[in-house]
Each structure stands twice: as C-alpha cells, then as structure tokens.
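Subject: Structure handover

Hello,

Here is the structure I promised to pass on. Please open it, then read my notes alongside.

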Amino acid sequence: MSFLEGIKRLIKYRWLLQLLVERDLKVKYRRSVLGYFWSILNPLLMMAILTIVFSQVFRFDIPNYPVYLLAGQLMYSFFAEATSMALGSILDGAALIKKVCLPKYIFPLSRVLSSFTSVLLSLCALFIVMLGTGVEFHATLLLLPVAMLYILMFSIGVGLIMSAAVVFFRDLQYLYTVFLTALNYITPIFYPVSIVPAEYKALVMYNPLYCFVTFFRQVTIYGEWPGISEHLWCLGYALFAVMAGIYCFKRCQNKFILYI
C-alpha cells in the first residue's frame, strides 16, 4: 500500500479515528468530578510542586522559572503520555483487529491524537501562569502551532514504532517506562542546560526533545524567532520519526494477527 493510499484510507475511516479519540478522552476522565479541567489543573499542581523543590532547594537561578518549568513539562508530558498510550494500542485493540478489516495504524494514531487534545487544553495552564507571573506575550506565539506540529509528528512516528514493536516483544512496555524516566533527566526541563558537564552536553544537545522544548520556549517565553537551524533540526527529527514509524509499521502489521 502506497503512502497516498494510506492517506485515502485514513480519510475514509476518519469517523473511526474520531470515535477512538473521543473514547480515549472519556475513559481518561471517567468518574472524575472535574473532568477535562484536570488537563489545566494537573500541570499547574505539578508546576507548583516542582517550582518549590527546584527553585528553593536546588536554587536554580532561571528567570520566570515557573513558566520555564511548565513549558518544558508540557512538552515532555505530552510525548511521554502519547507514546506510552500508543505503545499498547494494537494489543488493546486486538479483539477488533481480529474481527474487522480496517487500517491498524488508526489505533496508535488515535492514542497520540487524544493526548494531543489534552495538551492543547493544558496550554491554558501555561497562559494562566504567564499572566500571573507577568511574562510578556510576544508575536512569536504565532509560531506556537508550528512548535506543536513538530512534536506531534515526532510522537506519531515514535508511537507507530513502539506499538508495532511491543506486539513481538512484550517486555518493551516495561523497558519503555525506564527509558522515559531517563529521558526526563537528560532533557533540560527543570534545570538549565548550562549546568550540564561538558562531557555530557552532547547527550543533551542531540536529544530530540531538547530541540522541541527549546523551540517551544523560544516562541512562548522568550519572544525569539527560531532560526533556520532550529526549524531544520525539529523538522528533521519529526520527518525522520514519521517515515521510520510508517516503514516499521507497514513491515510488521501483517504479522500482528499471529501474535495478538
């Protein structure tokens, strides 16, 4: 199946994609009194706790630290949640996959898009903190959709790879949790990149999430227009992940039925 045919099938089954996204959101907030409001409240609470710990205990001297922290936390949390949910999407959809002929990539894609919907709501928390701390709103916010698109594409690509791989190697779901923990610490979310020792700086600088987080902070907090190199790095990581994800998923999808 060509890429164009895949797009046509996605359009054909867009109703199913919408239903799966809505189902994931309803399950996420089921029996919750505050419901979707948690998408705003949860990042605010996490920001408050981490700000107290890292700005008072470790005393990182970062201007507008609450906003700096929340911006990084939103990007990392979206990637972690989206890819973790996509990881088990094929296994969770096994009953439907066995009975109905439909595009299997819809399952990981719906999980990523449901997480993306949540993070869009969580952006309200960032704007609230920016208003509360007196951070100026810059014209660079016009590039916010571009920043979100980059990390969305990257998450879709990684989600496709992980959802296919876990079908054949179930231990991956436990290893991935460990990987995300390590990724949290090698991404400058709650600390400045300046404190990273020189011998480890390359590990941080070539971390894809570092590029996405930096780009996001530039357009939201600092009012800086990202240069061509920043766009190319983010776009390069995003396109590579999507192409690798599509390739791996297509190679594996016909064998899913034998392992789920």
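How far is the sulfur of Cys211 from the closest cysteine sulfur? The distance is 5.4 Å, and the partner is Cys234. Cys211 is buried, at 12% relative accessible area. Cys234 is buried too, at 1% relative accessibility. (Buried means under 20% relative accessible area, exposed over 50%, and partly exposed in between, with a 1.4 Å probe and protein chains only.)

A word on the source. This is a predicted model, where local features need pLDDT of at least 70, side-chain atom pairs count only at pLDDT 80 or more, and totals for chains, interfaces and linings use all residues. Residues are numbered from 1 along each chain as its sequence is written, and side-chain values use heavy atoms, with hydrogens and water left out.

Now the overall picture. The protein chain has 13 helices and 0 strands. (Both are DSSP runs numbered from the N terminus: helices are H or I with at least four residues, strands are E with at least two.) The chain has 260 residues, and 49% of them count as buried. Among contacts with a separation of 6 or more, 76% join residues 24 or more positions apart. (Contact means heavy atoms within 4.5 Å.)

Next, the core. The largest nonpolar core holds 78 residues. (Such a core is a set of buried Ala, Val, Leu, Ile, Met, Phe, Trp, Tyr and Cys residues joined through side-chain atoms within 4.5 Å.) Phe78, Phe79, Ile90, Leu126, Phe212 and Phe216 touch the most other members. Helix 4 (65–87) is one of the elements that give two or more residues to this core. Helix 4 supplies the largest share, 15 residues. Take Leu126: beyond its neighbours within four places in sequence, its contacts are Val67, Leu70, Ala71, Leu74, Phe216 and Thr220.

Last, the surface. Phe168, Phe169, Leu175, Ile257, Leu258 and Tyr259 form a nonpolar patch there. (Patch residues have over 30% relative accessible area and no salt bridge; like charges are joined within 9 Å, and nonpolar side chains, meaning Val, Leu, Ile, Met, Phe, Trp and Tyr, within 5 Å. A salt bridge puts a side-chain nitrogen of Lys or Arg within 4 Å of a carboxyl oxygen of Asp or Glu.) Together they have about 610 Å² of accessible area, by the Shrake-Rupley method with a 1.4 Å probe; for residues, only the protein chains shown count as cover. Helix 13 (residues 256–259) gives the most, with 3 residues. Phe168 lies in helix 8 and is partly exposed, at 33% relative accessibility.

Best wishes

Definitions and conventions
A disulfide is a pair of cysteine sulfur atoms within 2.5 Å.
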